[in-house]
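Here is my note on the model, point by point. Please read it with the structure open.

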Amino acid sequence: MATSVRPTTLNDLPDVILSNIIAAVSDVRSRNVAALVCHKWLVLERSTRTSLTLRGNTNDLFMLPTCFRSVTHLDLSLLSPWGHSLLSPRAAADNDDSTLIARLLRHAFPSVSSLTVYARDPHALQLLPIQWPQLKHIKLVRWHQRPQLASGDEFNLLFQGCSQLASLDLSTFYCWTEDLPPALESNPVVASNMTVLNLLNASFSEGFKTDEIRVITKCCPYLKEFKVVCMFDPRYIGFVGDEALVCVAENCPKLSVLHLVDTSVLSNCRSESDLDEEGFSIDDGKISVSTLIEVFSGLPLLEELVLDVSNNVRDSGPALEVLNKKCPKLKLLKLGQFHGISMPIESKLDGVALCQELQSLSIRNVGDLDDMGLIAIGRGCTRLAKFEIRNCKKITMRGMRTLASLLRKSLVDVSISCCKNLGASSSLKALEPIQERIERLHIDCVWDSVEEIENLDGCVEYGFDLNKANGGEASSHPAGFGDASGSVDDDFMFNRNKRCKYSYDLNSVYVEENGHGNGYGERIWDRLQYLSLWIGVGELLTPLSAAGLQDCPNLEEIKIKVEGDCRLWSKPSERAFGLSTLIRFPKLVKMHLDCGDIIGYAHTAPSGQMDLSLWERFYLFGIGHLNLRELDYWPPQDRDVNQRSLSLPAAGLLQECLTLRKLFIHGTAHEHFMMFLLRIPNLRDVQLREDYYPAPENDMSTEMRAGSLSRFEAALNRRQICD
């Protein structure tokens, strides 16, 4: 009689191999699913997890898990109630209780080397870091006001307890620029060990001055990553110019990542009031081409460079050519207010177009960049996977479409913003050559005329062909085009026997290669997974499909940012913003709806005006029709009272999102409004986050009390969730 053979399963693998397989899974949700297979998989998953974000109430520390012994990155910044210190001053007054909490965390997570913590007061900095002597990376979070301490005192507490600290992230930590330099000078051992320093913080209204940057870079000579917000405007005392740039290059020659960003860039406002019609600022910056050449020559290890300034840097092309020669590892480049970055003469490439190894390029406020310069970038930077363009007024759909055609084999991430000739329809039309490949996209919802583009299609010509530039004669050899290795795309595009003219229908080349075109009726964005939209207040979302985004079968996440002053509107033109039209995207499960830059009346509005609660109803109407699992929502604001609060109509509409599992409201809400959310059957994670500057300090109203939030979370946790 034949004996039955038991089939081999995954569980038959040795534990070591199975453990390595589970350890290779990075997606958190997938790891959670794996932990539910059986007890053996649960133990292996818990023992191999290296990153953990704690989400729970600080009153429930008895529920602290103790099975994650291998966690090296621990995030404590999202504990509830959000914004309240884990080690509050009241707890710190009783030193035994504070020390006990800190030791409980160390016992539960003994291997932590990277820590993120909300440090509203200095007690957390004094007690937590010393629990892990091997701590090398710390990210501090604080949106509330800085405590009344002397300059540098907070960081002195931190550095004294972390002698091995190598990485410090202050990008979301409210403090003063003068706090850090004296602390670094007082702790030379820690400063000399520092390799990563992130100071890109929007709360620094004036940014770091030249003297402060000199001190920081002198104290930290071994920095490999340095990100800092600066004041480049020469009208301010201590502005950043040639001197500061030279200091960075001389003091930190091992830098591989350098981000110098003006304070105005980090603000969410899109206003370009300081620029003229062509995109030039009124004053020139104090950054010379010779200094840029010196800096680039002194930083040969650069892989990422961001120079996003507020004043003109003219004729920068020669400096960018030196950048290409001196920094061969450069992969990411972002330039703001740099002019002359690409000024091709006939077939010769120059400036940034010679940076052939770039994989990501972002340009902002380039006043003299036209279609010819943009096309030259597409010819030279043939490896670009990500391209962002913002407020370049001379760029048209024809130039952008040609760039997309040239980079159709590599480009998967595109952002087009504030370009007056590129509205929603023209931007999408320009990206048709890569619509089957693009994965991430940002456009402005400026509803230009589709009919106008269709009428111009194939009729308007540039006046030159692919073998000519600026009216010059065709080159006898295509060596001036494309990259040094002779790209197949360039050989095809610039074949002298194929003299295809630049017109609104630049699909002529695309059709020749693929044998079919992509008309307005065939817009399928097969691989698009993330979509970001900007839209002005009062405008509707409904024209999005008519603009060209009819079919996105794999779109999973969308971010919508609404901006403007609704006090200038009496009421919207329609009842609803148009969220229900997004139901055409079957896989859409994540949404970021950012109304935080909508300004209006939080309380009683003047006669003929709508208050913010009615505007919230306008923007959220129809959201219940979508099958969302995660929602981040920023309520509109009343700046006069520093209030961003969820209104009654908003709470009523959010409760209709029956598929929601995670809801994060970036503002406040009354307790009885929050109770509406308990009607969402599968809702598991809800949090109020006042993550905007300055977060309200007072806990006097019911919408900000820690006790109110704790009662809501307790009611949420008491419910039975089917899965």
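1. Which residues does the UniProt annotation "domain: COI1 F-box" cover? That unreviewed entry gives residues 13-50. UniProt positions follow the numbering used here, feature names are shortened, and annotations may be inferred rather than shown by experiment. In the model the span is 71% helix and 0% strand, and its end C-alpha atoms lie 22 Å apart.

2. A word on ground rules. This is a predicted model: local features need pLDDT of at least 70, side-chain atom pairs count only at pLDDT 80 or more, and totals for chains, interfaces and linings use all residues. Residues are numbered from 1 along each chain as its sequence is written, and side-chain values use heavy atoms, with hydrogens and water left out.

3. Confidence comes next. pLDDT is the predictor's confidence in each residue, from 0 to 100. The protein chain has a mean of 84, and 86% of its residues reach 70 or more. Two stretches need care. Residues 90-94 stay under 50, with 4 contacts beyond four places in sequence. Residues 454-521 also stay under 50, yet the model has 132 such contacts for them. Contact here means heavy atoms within 4.5 Å. Where pLDDT is low, the predicted coordinates should not be read in detail.

4. Now look at D179. It lies in the loop between β5 (167-173) and α8 (180-186). Helices (H or I, at least four residues) and strands (E, at least two) are DSSP runs, numbered from the N terminus. D179 has 2% relative accessibility, so it counts as buried (under 20% relative accessible area; exposed is over 50%, partly exposed in between; 1.4 Å probe, protein chains only). Beyond its neighbours within four places in sequence, D179 is in contact with R146, A150, S151, G152 and F155.

5. R146 has two partners to check. Its side chain joins that of D179 in a polar contact of 2.8 Å (a pair of N or O atoms within 3.5 Å; within protein, one must be able to donate a hydrogen and the other to accept it, and residues adjacent in sequence count only if both atoms are side-chain atoms). R146 also lies over the face of W176, 3.7 Å from the ring centre (NZ of Lys or CZ of Arg within 6 Å of the ring centre and within 35 degrees of the ring normal).

6. Finally, the aromatics. The whole structure holds 9 aromatic pairs. The ring centres of F204 and F208 are 5.2 Å apart with planes at 85°, so this pair is edge-to-face (rings of Phe, Tyr and Trp, its six-membered ring, with centres within 6.5 Å; planes under 30 degrees apart are stacked, over 60 edge-to-face, the rest tilted). F204 is buried at 3% relative accessibility, and F208 is buried at 1%. F577, W615, F618 and Y619 form one aromatic cluster.
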